[in-house]
Structure formats: C-alpha cells, structure tokens
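User: Hi! Could you walk me through a structure I have open on my screen?
Analyst: Happy to. Let's bring it up.

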Amino acid sequence: MKQIEIIKTYSQKRCLVVDDVPDIRTSLKRILIDFGANDVDTAGNAEEAIDICHRHQYDLVLADYNLGAGKNGQQLLEELRFHKLLKNTALYVMVTAESGSQYVLHALEYQPDDYLAKPVSRDGLRPRLDAALLKNEALLNAKRALDKQNPLLAIKACTQVITSKSRYSNDARKMLGELLISQRRFQQALEVYQYFPEGRQPIWCRLGIARAHTGLLDYATAEQHLQTLIDENARCVEAHDLLAELYEQQNRYQQAQQVLTDAVAISPRSTERQREMGRISLRVGDDLAAVHAYRYAVKHSRNSCRELPEDYLYLAQSLSNVTRAQPETQDKFSSEALETLKAVEKKYGTQPVVAMRGRLVESEIYRSQNQPERAGSTTSEALDILHKMKFSAIQNTPVELCIDCARAFMAQGQYDAGEMLLQELARINKDPTVAVRIDKLLREPVTQEGIQYATKLNKQGILHYQAQDYVGAVIAFRDVLRELPNHIGLNLNLIQAIVSKSRGGDLSDEDAAVISSSFQRIGSIDTNSSYYDRYDYLKRHYQKLSQADGES
C-alpha cells in the first residue's frame with residue numbers, strides 16, 4: 001500500500017489515547033495526527049475511557065498498561081470486549097514500561113493487537129501501527145462478519161484472503177483455524193494447520209492442532225503435541241492451560257492441578273487461571289491451594305467484568321473445608337469465611353441460587369463450630385429461598401453453581417430439595433454432557449446417556465452378587481455410588497448386598513450406618529414406583545436385622 005493510501009487509512013479511523021500522564025497523552029495524540037488521523041480523543045484512566053467508549057465507537061485505542069489507581073490497560077481491554085464496546089474491526093495497542101515477565105505475559109494473554117515498550121517515539125511507533133493497520137484492513141471483511149455474529153461468513157472471508165495469496169494469508173489461516181474450532185469443525189481446522197510443514201509450525205498453529213485433536217477426543221495425540229510444545233517453550237502458558245483442560249476431560253485431576261500450578265507460577269496475574277486453579281484444587285481435595293487461588297480471584301476481579309459471585313462462595317467453601325481438616329485454623333478461617341459470605345450477600349443477595357448457596361456454606365461453618373441450632377436455622381433459610389424462588393432464576397444462573405447448590409443440599413441430607421433444583425435444571429438444559437452430570441446426582445436418571453452410564457457401572461457389582469461374592473458386591477456398589485450417590489436402584493443394590501452378606505451373622509455398626517445413609521438418600525418411595533416392593537422388603541429385612549442385633 002502506498003504512503004498516501006496509508007495516510008488515508010489513518011484519516012478514516014477514530015482514535016482514543018489512554019494514559020494517566022497528561023504530557024504523554026498530548027504527545028501521542030500529536031503523533032497520531034501527524035500520521036494522518038483527524039479524530040483523536042484522550043482519556044486519563046480506564047473509567048474515563050470506558051465512559052467515552054459508551055458514547056463513541058473507536059477504530060484504534062492506544063492505551064498504557066499502567067493507568068494509576070483503578071483498572072490497568074489489560075483490564076480496560078477486558079472490560080471493553082466484555083461489554084462489546086470495542087468491535088472486532090477495532091485495534092487495541094498496549095504500551096507499557098513494565099519489564100517483568102509476569103506483566104508482559106499477562107498483557108499478551110488477552111491478545112491486544114500489538115504490545116509496545118516505553119518509551120514510544122514517533123519513528124518507533126509508525127512502522128508498528130502501519131503493520132497492524134494493514135493487517136487489520138486485509139482481514140476487515142472477516143472481522144465485520146464477526147461483529148454481525150456471522151461466523152460462517154467470517155470463514156468465507158478468511159478463505160478468500162488465503163486463496164488470493166495475500167501477504168496476510170497466514171494471519172487469515174490463524175483466524176480461520178480458530179473459527180473452525182469454535183464451530184466444532186475440528187477435522188477441517190487440522191487441514192488448515194497442515195499447510196505448515198512439521199518443524200516449521202508457529203506456536204499458534206501447534207496450539208490449534210492440539211485443540212483440534214482434543215475436540216476429536218484424540219487425547220493422546222493432543223497431549224503429545226502440548227508436552228512437546230511445553231518442553232520447547234516452557235513459558236507458553238496457553239499450552240499449560242490447554243493441557244490442564246485435556247487432563248480434566250480425562251478425569252486426571254491431580255495432573256491438571258500440577259500443570260496449572262506451573263502455569264500460575266509463570267503468569268500469576270490471570271484471574272481466570274487462578275479461578276481454574278481453585279476449582280481443580282477443590283476437586284482433588286487440596287483446600288488450602290483452593291483458598292489461595294480464590295483469594296486472588298476475589299481480590300483482583302473486584303468491581304470488574306471478571307468478578308463472579310462463585311469466587312466468593314468457593315473461597316468461603318474452601319475456608320470451611322480447611323477448618324474441618326485443620327481445627328487449629330478454625331477461628332481465623334471461619335471468621336474469614338463468614339466475612340466473605342457477608343460480602344457476597346451484599347453484592348449478589350438478590351440472586352436466589354447465590355443466596356441459597358451462601359446459606360448452605362454458612363450452615364457448614366456453624367456445624368464445624370458445633371453450633372447445631374444456627375446450622376439448622378441457616379439451612380432452613382436456604383430451603384425457604386428454594387421454595388419461594390421462581391425457577392426462571394435458574395435460567396440466569398451458571399449451571400455449575402446450580403449443580404453445586406443441589407449437591408450442597410444433598411450433603412446436608414436435604415435430598416428432595418437438591419433433586420427439585422436438579423430436575424428443573426434438567427428440564428431447561430440442552431447440553432448432553434451437563435445432562436449426564438445432573439443424572440449422576442438424581443435418584444433416577446432422566447436421559448438415555450445417564451441410564452446407559454448407570455447400567456454400565458452397575459454390571460460389576462451384579463456379577464459379584466450373582467457369584468455370591470457379597471463382600472465384592474458391596475465394594476463394587478460403594479465404588480459406583482461415589483459416581484451416582486443418589487441413584488435409587490444402586491442404593492437398593494448396595495443395601496441388598498450388605499443384607500445378604502450379614503445373613504447368619506451380626507450387622508456391623510459400619511454396615512448399619514451405610515444402609516441407613518442409603519435409605520436416607522432414597523427417601524420415601526411412592527407405592528406406584530417400580531422400586532416399591534423391593535424397597536419395602538429390604539426396609540423390613542433391615543429392621544429385623546437391627547432388632548436382632550439390638551437384642552443380642
């Protein structure tokens with residue numbers, strides 16, 4: 001493109017300069033005007049920039065990373081994209097004096113169009129901005145299609161850039177691969193990435209290949225690609241994140257946590273990564289690691305678009321878990337947990353599921369403090385919220401939080417309440433993977449996938465029972481119930497195996513407790529249920545065994 005055409009391109013762009021130093025704002029504005037820009041606004045901080053972006057659409061934002069008190073340039077970018085105040089066709093260029101690797105990596109993670117180190121001179125800025133603008137112009141049709149939420153048209157536009165053999169064909173390939181993966185067209189994405197010969201693939205291509213293989217459930221190939229990439233580029237945090245996600249999909253939670261630990265050490269300033277670290281740490285029972293991660297997520301997302309009520313709730317839950325495992329921390333951590341719950345109540349108390357979950361965590365804390373009356377009272381408050389709640393509220397609540405709330409009800413023996421919540425969630429849910437997760441907690445699966453899953457897990461216990469290996473059957477059914485704790489049929493199978501094991505002998509205290517817990521999970525069964533006759537028989541048989549044991 002000729003120089004006069006580049007100047008014309010600048011003249012068509014509305015620009016915004018964001019810097020907390022007035023002299024730098026003035027200098028950068030003057031430079032952009034020298035480049036040909038006619039319309040340049042300035043802002044002294046992120047809040048002012050957000051306010052201006054609500055009133056005007058900008059084509060180019062040049063923002064400092066360090067904006068003084070309040071949000072930094074990275075958080076400004078996140079806010080603008082989250083609230084759709086910055087179009088896909090716009091450019092966002094970050095400027096910073098920070099040299100620490102954690103700052104640089106964090107700034108790059110949300111993918112600004114360019115990243116410049118201070119001091120910025122006219123001669124240094126011009127070639128970088130020219131290059132960014134020219135690339136943006138080449139991909140403009142694809143980006144306009146994304147602004148119109150038309151990914152298929154964006155795919156077509158990228159393909160046109162590639163077939164034209166433009167100097168920006170590889171940029172179009174990168175965008176095309178990401179679009180195909182977002183549309184779950186994984187095999188086609190692989191074909192795009194295979195343009196690059198092995199050994200000469202850029203990092204974004206290698207990451208794309210791993211994502212495509214993950215989407216195709218070819219976990220071994222994806223893992224191999226990611227491990228090689230990490231070995232060669234140890235600071236590639238995206239590879240760590242994707243590998244952790246891959247391990248989680250295979251239920252390899254300990255490995256997922258280790259990979260995230262490495263990623264957090266490299267780039268600790270990402271709220272989303274800390275949040276993921278907290279979630280996985282809770283999953284593996286590393287409550288102290290979860291506390292540290294959620295503390296960071298709460299602190300660094302406060303009053304931003306990244307702030308979530310779940311972070312407060314999971315922080316309080318993690319603190320409560322630690323106090324149970326380490327009673328010496330009870331005074332300190334219980335107090336912090338209750339303060340965290342007050343904060344989430346103040347900010348999000350009008351959201352019924354959030355309020356319910358908060359009451360249930362609070363109830364756990366009071367139980368650990370040996371305050372059963374206060375614990376019972378807060379559980380009653382949670383139940384009251386549930387019964388008064390309009391179930392349309394579930395549609396506006398993240399699935400994970402609804403499932404977690406249902407699980408918390410069940411953990412406190414409120415199975416009917418938990419199931420009520422899950423059944424409503426199942427009714428509105430369209431995601432088959434979520435359906436199976438819901439089915440795992442329901443007393444009776446409602447989807448074909450859930451029924452098949454339960455049948456598959458049930459087989460081993462039945463084989464032991466048919467061979468009259470009642471001890472083996474009890475072990476097998478107890479293992480299955482870790483996955484499907486409330487399934488009526490499986491709980492009845494476990495009760496029947498224990499009853500059969502105990503014939504001619506005493507019922508141990510442990511077995512009696514297991515049977516009692518299973519009957520509690522089953523709850524009351526209607527006489528019209530297909531389970532009723534078996535339930536009634538086992539209930540009577542259990543009562544006879546208990547009476548005989550008491551008499552002896």
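User: Thanks! Where is the place of Ala 512?
Analyst: Ala 512 sits in helix α28, which covers residues 509-522. Keep in mind that this is a predicted model.

User: Got it. Leaving aside neighbours within four places in sequence, which residues is Ala 512 in contact with?
Analyst: Leu 507 and Tyr 542 are its contacts once those neighbours are set aside.

User: How many residues apart in sequence are Ala 512 and Tyr 542, and what about in space?
Analyst: They are 30 residues apart in sequence, and 8.5 Å separates them in space, C-alpha to C-alpha.

User: Switching to helix packing. At what angle do the axes of α19 and α20 cross?
Analyst: Helix α19 (residues 352-368) and helix α20 (residues 372-388) cross at roughly 165°, and their axes come within 8 Å. Angles over 145 degrees count as roughly antiparallel, so α19 is roughly antiparallel to α20.

User: And which residues make the contact?
Analyst: On the α19 side, they include Met 356, Leu 360 and Tyr 366. From α20, Ala 382, Ile 385 and Leu 386 are among them. By class, this contact has 9 nonpolar, 3 polar and 5 charged residues.

User: Is the crossing of α19 and α20 left-handed or right-handed?
Analyst: α19 passes α20 in a left-handed crossing.

User: New topic: pockets. What volume does the second largest pocket have?
Analyst: Its volume is about 240 Å³.

User: Which helix gives the most to the lining of that second largest pocket?
Analyst: Helix α12 (residues 219-232) gives the most, with 4 residues.

User: Which residues line the second largest pocket overall?
Analyst: Glu 198, Gly 199, Arg 200, Gln 201 and Arg 206 line that pocket, along with Gln 224, His 225, Thr 228 and Glu 232.

User: How many nonpolar, polar and charged residues does that lining have?
Analyst: The lining of the second largest pocket has 5 polar and 4 charged residues, and no nonpolar ones.

Notes. Residues are numbered from 1 along each chain as its sequence is written. This is a predicted model: local features need pLDDT of at least 70, side-chain atom pairs count only at pLDDT 80 or more; totals for chains, interfaces and linings use all residues. Side-chain values use heavy atoms; hydrogens and water are left out. On a 1 Å grid over the protein atoms alone, a cavity is a set of points where a 1.4 Å probe fits but cannot get out, and a pocket is an open set with protein on both sides within 12 Å along at least five of seven lines; lining residues have an atom within 4 Å of a point. Grid points are joined across faces, edges and corners, and a volume is the space filled by probe spheres set on the points. Helices (H or I, at least four residues) and strands (E, at least two) are DSSP runs, numbered from the N terminus. Ala, Val, Leu, Ile, Met, Phe, Trp, Tyr, Cys and Pro count as nonpolar, Asp, Glu, Lys and Arg as charged, and the others, Gly among them, as polar. Axes are lines fitted to C-alpha atoms, for helices over the stretch in contact, and angles run from 0 to 180 degrees between N-to-C directions. Angles under 35 degrees count as roughly parallel, over 145 as roughly antiparallel, 65 to 115 as roughly perpendicular and the rest as oblique. A crossing is left-handed if the near helix is turned anticlockwise from the far one by less than a right angle, and right-handed if clockwise. Contact means heavy atoms within 4.5 Å.
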